[in-house]
Amino acid sequence: MADSSRSKGRPQVLIVLAIVAAASIALDQIAKYLVVQNLELGEVVPVVGDLIQFHFVKNSGAAFSIGNAYTWIFSILAAAVTVFIVWFARRIRSFAWAWVFGLLLGGTIGNLIDRLFREPSFGQGHVIDFLTIPLLPAIFNLADVSITAAMVLFLILTIRGIGLDGTKSQPEPVAAAPGSDAAAPDAAAEPGDREQA
């Protein structure tokens, strides 16, 4: 019965994963479109005072603009991660894990779209970044937010011991060491007691 219920739940889990990924991609690309259409490159616009600001930049590297000369490598890595998530998704039976992989997939594809189709060329496009918080030394986008949220949720589920099937792992009972009192409860009994038994 348990295997049957899990197999029935699998399509719904995959649907949730797909919806989360699609929503993440849509929000990311719409936000980037609005930024490109309404802001000048390098322009800074306060959103919530100095707490959150729009700062339009084009990033050819990874986080913190590392590896600007290797944009095509990041494109290949993002494509590989996308393929892996799609392949791995068949193992997921938990809605919580569907959110993890949906957010990760959506964020990865959101930035991959930029690298594939934005200037200067296919596979070497610059990612549109526009969000900045003074406490963080980086400018990021909604795809990055999705990936970060996926990592936070991943840590929470892992710490709580929630498996891909949604069940919580139970700690193994500690076995008594051979020769210990617990392993040989009759050892403490008097010889006379054993004879009476």
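Exposed here means a relative accessible area over 50% and buried one under 20%, with partly exposed for values in between; the legends below describe a predicted model.

**View 1. Phe117 and Phe122, an edge-to-face aromatic pair.** A search of the whole structure finds eight aromatic pairs. A pair of aromatic rings is described by the distance of the centres and the angle of the planes. For phenylalanine 117 and phenylalanine 122 the centres are 6.1 Å apart and the planes make an angle of 70°, which places the pair in the edge-to-face class because that class takes angles over 60 degrees. Phenylalanine 117 is exposed, and phenylalanine 122 is exposed as well.

**View 2. Trp87 and Phe88, a tilted aromatic pair.** The ring centres of tryptophan 87 and phenylalanine 88 lie 6.3 Å from each other, with 50° between the planes. Tryptophan 87 has a relative accessible area of 42% and is therefore partly exposed, whereas phenylalanine 88, at 13%, is buried.

**View 3. The cluster of aromatic rings that includes Trp87 and Phe88.** Ring pairs join Phe84, Trp87, Phe88, Trp97, Phe101 and Phe154 into a cluster. Two of these names return in the next view, where Trp97 is listed on the H3 side of a helix contact and Phe154 on the H4 side.

**View 4. The packing of helix H3 against helix H4.** Two packed helices are described by the angle between their axes and the distance between the axes. The axes of H3, which spans residues 95-117, and H4, which spans residues 142-160, come within 8 Å and cross at roughly 155°. H3 is therefore roughly antiparallel to H4, since angles over 145 degrees are classed in this way. The crossing of the two helices, H3 and H4, is left-handed. Residues of H3 that make the contact include Trp97, Val100, Leu103, Leu104 and Gly107, and those of H4 include Ile147, Ala150, Met151, Phe154 and Leu157. Sorted by class, the contact of H3 with H4 has 14 nonpolar residues, six polar residues and one charged residue.

View 5. Read from the N terminus, the elements follow the order α-β-β-α-α-β-β-α-α. The chain has 197 residues, of which 29% count as buried. Among contacts between residues at least 6 apart in sequence, 63% join residues that are at least 24 apart.

Conventions: Residues are numbered from 1 along each chain as its sequence is written. This is a predicted model: local features need pLDDT of at least 70, side-chain atom pairs count only at pLDDT 80 or more; totals for chains, interfaces and linings use all residues. Side-chain values use heavy atoms; hydrogens and water are left out. Rings of Phe, Tyr and Trp (its six-membered ring) pair if their centres lie within 6.5 Å; planes under 30 degrees apart count as stacked, over 60 as edge-to-face and the rest as tilted. Buried means under 20% relative accessible area, exposed over 50%, partly exposed in between (1.4 Å probe, protein chains only). Axes are lines fitted to C-alpha atoms, for helices over the stretch in contact, and angles run from 0 to 180 degrees between N-to-C directions. Helices (H or I, at least four residues) and strands (E, at least two) are DSSP runs, numbered from the N terminus. Angles under 35 degrees count as roughly parallel, over 145 as roughly antiparallel, 65 to 115 as roughly perpendicular and the rest as oblique. A crossing is left-handed if the near helix is turned anticlockwise from the far one by less than a right angle, and right-handed if clockwise. Contact means heavy atoms within 4.5 Å. Ala, Val, Leu, Ile, Met, Phe, Trp, Tyr, Cys and Pro count as nonpolar, Asp, Glu, Lys and Arg as charged, and the others, Gly among them, as polar.
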